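I opened my notebook with two things to look up.

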Amino acid sequence: KQEVTQIPAALSVPEGENLVLNCSFTDSAIYNLQWFRQDPGKGLTSLLLIQSSQREQTSGRLNASLDKSSGRSTLYIAASQPGDSATYLCAVGIYNQGGKLIFGQGTELSVKP
Amino acid sequence: NAGVMQNPRHLVRRRGQEARLRCSPMKGHSHVYWYRQLPEEGLKFMVYLQKENIIDESGMPKERFSAEFPKEGPSILRIQQVVRGDSAAYFCASSPLTGTEAFFGQGTRLTVV
């Protein structure tokens with residue numbers, strides 16, 4: 001059974017810092033891995049999608065990597081801003097199960113001005 | 001493209017009433033997924049549908065919950081005889097193909113009083 005774990009559960013940093021959020025999964029048979037952002041009381045915004053054949057994806061100040069063999073992904077945020085404050089969710093798409101996603105518990109990020 | 005549309009955004013029901021949650025996927029998307037986010041918990045998969053077919057309902061509670069995605073119109077998640085424990089945020093996601101990027105709606109926040 002696939003399990004997804006995110007560390008740390010919460011993180012507080014001063015503005016301008018570079019930071020790394022971690023995601024690990026137990027079964028390497030995945031279609032893809034997706035990082036989302038969720039603001040309080042809001043829906044999920046897709047940040048980056050990494051297909052199982054890819055090693056990383058970049059969008060602006062965000063970079064996500066995927067190491068299937070070790071069951072790990074990291075989300076790197078460069079030059080953090082207060083507007084980055086949100087909960088970041090990692091989700092893996094399960095191979096041969098129609099694309100349903102298994103989510104981690106999330107990392108709650110607070111960037112202080 | 002309007003994105004994934006869910007309504008209502010907020011729904012209050014008394015114990016024993018029925019709740020109907022609606023989801024219109026993005027244009028061109030034929031895969032619909034429902035997830036539930038209980039307070040202080042992560043998102044959990046409930047059901048995966050394609051037009052007129054339930055593909056995977058392994059995450060649905062066995063009683064009182066049902067889902068459909070008719071040939072015409074939105075997908076509906078129906079909860080009969082709601083109980084306090086059904087209070088949660090219910091999210092719908094859609095994708096054009098299996099294993100591709102999933103886009104989420106803003107969610108319906110159900111409160112059972």
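My entries follow.

This is a predicted model: local features need pLDDT of at least 70, side-chain atom pairs count only at pLDDT 80 or more, and totals for chains, interfaces and linings use all residues. Residues are numbered from 1 along each chain as its sequence is written, chains are lettered from A and ligands numbered from 1 in the order written, and side-chain values use heavy atoms, without hydrogens and water.

**Chain A.** I looked up the secondary structure and found 0 helices and 11 strands in chain A (DSSP runs numbered from the N terminus: H or I of at least four residues for helices, E of at least two for strands). I noted that buried residues make up 43% of its 113 residues (buried is under 20% relative accessible area, with a 1.4 Å probe and protein chains only). The C-alpha trace of chain A spans about 45 × 30 × 20 Å along its principal axes.

**Aromatic rings.** How many aromatic pairs does the structure hold over all chains? I found 7 (rings of Phe, Tyr and Trp, its six-membered ring, with centres within 6.5 Å; planes under 30 degrees apart are stacked, over 60 edge-to-face, the rest tilted). The centres of A:Phe36 and B:Phe104 are 5.2 Å apart and their planes are at 80°, so I wrote down edge-to-face. A:Phe36 lies in strand S4 of chain A and B:Phe104 in strand S10 of chain B, so this pair joins two chains. A:Phe36 and B:Phe104 are both buried.

I then checked B:Tyr35 and B:Phe45, another edge-to-face pair, at 5.9 Å and 70°. They sit 10 residues apart, in strands S4 and S5 of chain B. B:Tyr35 is buried at 1% relative accessibility, and B:Phe45 is buried at 9%.

My last entry is one aromatic cluster, formed by A:Phe36, A:Phe103, B:Tyr35, B:Phe45 and B:Phe104.

Notes:
Buried means under 20% relative accessible area, exposed over 50%, partly exposed in between (1.4 Å probe, protein chains only).
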